[in-house]
Amino acid sequence: MSLNISAGPPRAADVLALDTPYFGFRDPDGLRDNAQVAKQYGFKGKFAIHPAQVDIINQIFSPSAAEIEQARRVVEAYREAESVGRGSTSLDGRVVDVPVVKRAEALLELAESLSST
């Protein structure tokens with residue numbers, strides 16, 4: 001597969017952004033911390049070098065029940081705003097607009113795909 005550099009960041013090129021492996025395969029706490037930071041940076045997954053790492057990586061990068069519920073609330077708040085002709089709203093003191101809704105919908109799609117496997 002070739003990557004068109006002029007297309008912008010991996011996400012713009014529709015390429016899944018995966019973090020590099022954590023080589024301390026006998027350090028589950030270090031892996032957990034490292035994967036959590038990678039998730040905060042926007043990575044959608046992480047390469048593993050040992051089977052013992054897979055469960056931790058899956059746990060970190062799978063949406064939690066709280067994240068799923070928040071995403072549902074975001075989509076619902078936006079749909080309500082949209083129904084009265086508004087292009088944005090707020091929820092819990094934060095702006096909810098199209099990019100926020102798209103992220104929430106993507107999280108819900110991921111959660112749905114994980115639950116159906």
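First, the conventions. Numbering starts at 1 along each chain as its sequence is written, and side-chain values use heavy atoms, with hydrogens and water left out. Since the model is predicted, local features need pLDDT of at least 70 and side-chain atom pairs count only at pLDDT 80 or more, while totals for chains, interfaces and linings use all residues.

Confidence next. The average pLDDT of the protein chain is 89, and 87% of the residues score at least 70; pLDDT is the predictor's confidence in each residue, from 0 to 100. Residues 1-8 have a pLDDT below 50, and beyond near neighbours in sequence this stretch has 5 contacts in the model, a contact being heavy atoms within 4.5 Å. Where pLDDT is low, the predicted coordinates should not be read in detail.

Now the architecture. The protein chain has 4 helices and 4 strands, in the order β-α-β-α-α-β-β-α from the N terminus. These are DSSP runs numbered from the N terminus, with helices being H or I of at least four residues and strands E of at least two. Taking contacts between residues at least 6 apart in sequence, 55% join residues at least 24 apart.

Of 117 residues, 24% count as buried; buried means under 20% relative accessible area, exposed over 50%, and partly exposed in between, with a 1.4 Å probe and protein chains only. The chain exposes about 8,200 Å², 54% of it supplied by carbon and sulfur atoms. Areas come from the Shrake-Rupley method with a 1.4 Å probe, and for residues only the protein chains shown count as cover.

Leu16, Leu18 and Phe47 make a nonpolar surface patch with about 290 Å² of accessible area together. Patch members have over 30% relative accessible area and no salt bridge; nonpolar side chains (Val, Leu, Ile, Met, Phe, Trp, Tyr) are joined within 5 Å, like charges within 9 Å. Leu18 belongs to strand 1, residues 18-19, and is partly exposed at 31% relative accessibility.

Next, the salt bridges. The whole structure contains 6, each a side-chain nitrogen of Lys or Arg within 4 Å of a carboxyl oxygen of Asp or Glu.

One of them pairs Asp92 with Arg73, at 2.8 Å from N to O. Asp92 sits in the loop between strand 3 (89-91) and strand 4, and Arg73 in helix 3 (residues 65-83), so this bridge ties together parts 19 residues apart in sequence. Asp92 is exposed at 54%, whereas Arg73 is partly exposed at 31%.

Which residues does Arg79 bridge to? Glu105 is one partner, with the closest N and O atoms 2.3 Å apart. That pair links distant parts of the chain, with Glu105 in helix 4 and Arg79 in helix 3, 26 residues apart. Glu82 is another partner, at 3.3 Å between the closest N and O atoms; Arg79 and Glu82 are about one helical turn apart because they lie 3 residues apart in helix 3. Arg79 is partly exposed at 36%, as are Glu82 at 40% and Glu105 at 25%. Shared partners join Arg79, Glu82 and Glu105 into one network.

Last, Asp97. This residue is in the loop between strand 4 (94-96) and helix 4 (98-115) and is partly exposed at 27%. Beyond neighbours within four places in sequence, Asp97 contacts Tyr78, Gly87 and Ser88.
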